[in-house]
Amino acid sequence: MLNLHRLVFRAGTILLMLALMPLSRAQAQGGIEVQNATVAVSFGQSITFSARIKSPLAIQQASLLFRGVNEMVTRVETVQVAQDGSVSFTYDASLNVFPPFSEIVFWFQATLADQQTYTSTPITFFYNDNRFPWREMTQGNVIVHWYAGDDAFGAAALDSAGAGMLAMNEFIPTSLDAPINIYIYSNISDLQATLMLGGEEWVGGHANPELGVVLVAVAPGASQSIELETKIPHELAHVMLYRSLGDKYKMQPAWLLEGIASTMELYPNPDYARAMEIASKNDSLLNFSDLCVSFPSDAGNAFLAYAQSESFVTYIRETYGTSGLGRLTSAYGEGFPCELGATNALGTPLSQLEARWRETVLGQNVLGVAARNLSPFFLLMLLVLVVPIWGAFGIFIERRKRAAQFK
Ligand SMILES: [Zn+2]
């Protein structure tokens, strides 16, 4: 299988890289024609747009318009037009960032001497992280990109992706047509810098499901297999879930998305069980109702949140089957709130499902859990029921004593 991979090596200078793309396909549209359009990307720093605007009449004013293809807001910049029609504009990409590897569309507008405003044909390009000499290898719809490590490293990454897609496909069959690009950075700080440049915080691997882009940090070496087979399937699962759920992806609870993605990791994290055991003993387990919108920001609780979510989703899948998990994503996709989505899909509210998970998986005493949850109610029961019962019991003992006396 591996000899079918297309192997491409792109040499590149690391610093001050300019990806110069000739984009001279623009055609005349209503009075202006854009020629020799180029985009020079210096990732995380600047994007320089250059072109020559040709028009039959004098240009009075011209603007450059651009946005990410998935964005709603268009940036508009006035450009100075030279005698020969050439224009150039440098955008500060360190301030208002575009996501790494996203697609950007741009076009020009010009007001001519006839007071009419004309628009050019849009042109698109990719805002790729061009600071590294990326190599790439393709199999099916998966393209892995890496810059450290040999051919075997790229092949191992592709194998991890294939295994991850297979595992995920058992759960949610998705179309394998649209490409998925996996970028493997060789260390966390390279990835971290990229995500910061892309306006994202470091969370330990990253997927941009809408773009079909996965970013992970894996160093070539002894632990590369475990890391590839953990991180790539996890992030791929996010992309495939998004492709299956569409707009409903964003309505899913965080514990459900992260739980499903974590169960796709080919090596279970050995520290998860230990973290839950300690938290269970210390009574510091997180409530899933608090993991619906997002995960905790501090590293310790975030780790526990992943551990619990992985275990909880496994429990749900073992109890209600894959179809139960499917019903759960459907219910949340319909807009059910966190507690009631579980009721709708599985007949059990989230809090009760959690109590059962605590009993079954962690061996907690559910009655104790219930008593803690219901403590004000229990206090009331004690006053209303138990005290009179105790009194009645006293009377009963008294009567038996008397009965014994008179026997
Ligand atoms: Zn995740």
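Val361 sits in helix α8, which spans residues 350–362. Helices here are DSSP runs of H or I with at least four residues, strands are runs of E with at least two, and both are numbered from the N terminus. The model is a predicted one, in which local features need pLDDT of at least 70 and side-chain atom pairs count only at pLDDT 80 or more, while totals for chains, interfaces and linings use all residues. Residues are numbered from 1 along each chain as its sequence is written, and side-chain values use heavy atoms, with hydrogens and water left out.

Buried means under 20% relative accessible area, exposed means over 50%, and partly exposed lies in between, using a 1.4 Å probe and protein chains only. Leaving aside residues up to four places away in sequence, Val361 touches Ser311 and Tyr315, where contact means heavy atoms within 4.5 Å. Val361 and Ser311 are 50 residues apart along the chain, with 8.0 Å between their C-alpha atoms.

## The zinc site

Which residues coordinate the zinc ion? His234 and His238, each through NE2, and Glu258 through OE do so, at 2.0 to 2.1 Å. Along the chain, these donors follow the spacing H-x3-H-x19-E. The pair of His238 in helix α3 (residues 224–245) and Glu258 in helix α4 (residues 254–263) links distant parts of the chain, 20 residues apart. Donors are N, O and S atoms within 2.8 Å of the metal (3.2 Å for Na, K and Ca), and water is not among the atoms, so sites may look incomplete.

Both His238 and Glu258 are buried.

## Where α6 meets α7

Helix α6 (residues 299–333) and helix α7 (residues 338–346) have axes that come within 8 Å and cross at roughly 120 degrees. These axes are lines fitted to C-alpha atoms, for helices over the stretch in contact, with angles running from 0 to 180 degrees between N-to-C directions.

On the α6 side, the contact includes Ile316, Tyr320 and Leu328; on the α7 side, Cys338, Ala342 and Leu346 are among the residues involved. The residues of this contact divide into nine nonpolar, three polar and one charged. Here Ala, Val, Leu, Ile, Met, Phe, Trp, Tyr, Cys and Pro count as nonpolar, Asp, Glu, Lys and Arg as charged, and the others, Gly among them, as polar.

## Loop residues to look at

Most residues other than glycine have a negative phi. Phe101, however, has a positive phi near 65 degrees. Phe101 lies in the loop between β7 (86–92) and β8 (102–112), and its relative accessible area of 4% makes it buried.

Asp283 also has a positive phi, near 55 degrees, and is found in the loop between α5 (270–281) and α6. At 47% relative accessibility, Asp283 is partly exposed. Pro56, in the loop between β4 (46–54) and β5 (59–68), is exposed at 70% relative accessibility.

## The chain as a whole

The protein chain has ten helices and 15 strands. Of its 407 residues, 43% count as buried. Among contacts with a separation of 6 or more, 64% come from residues 24 or more positions apart.
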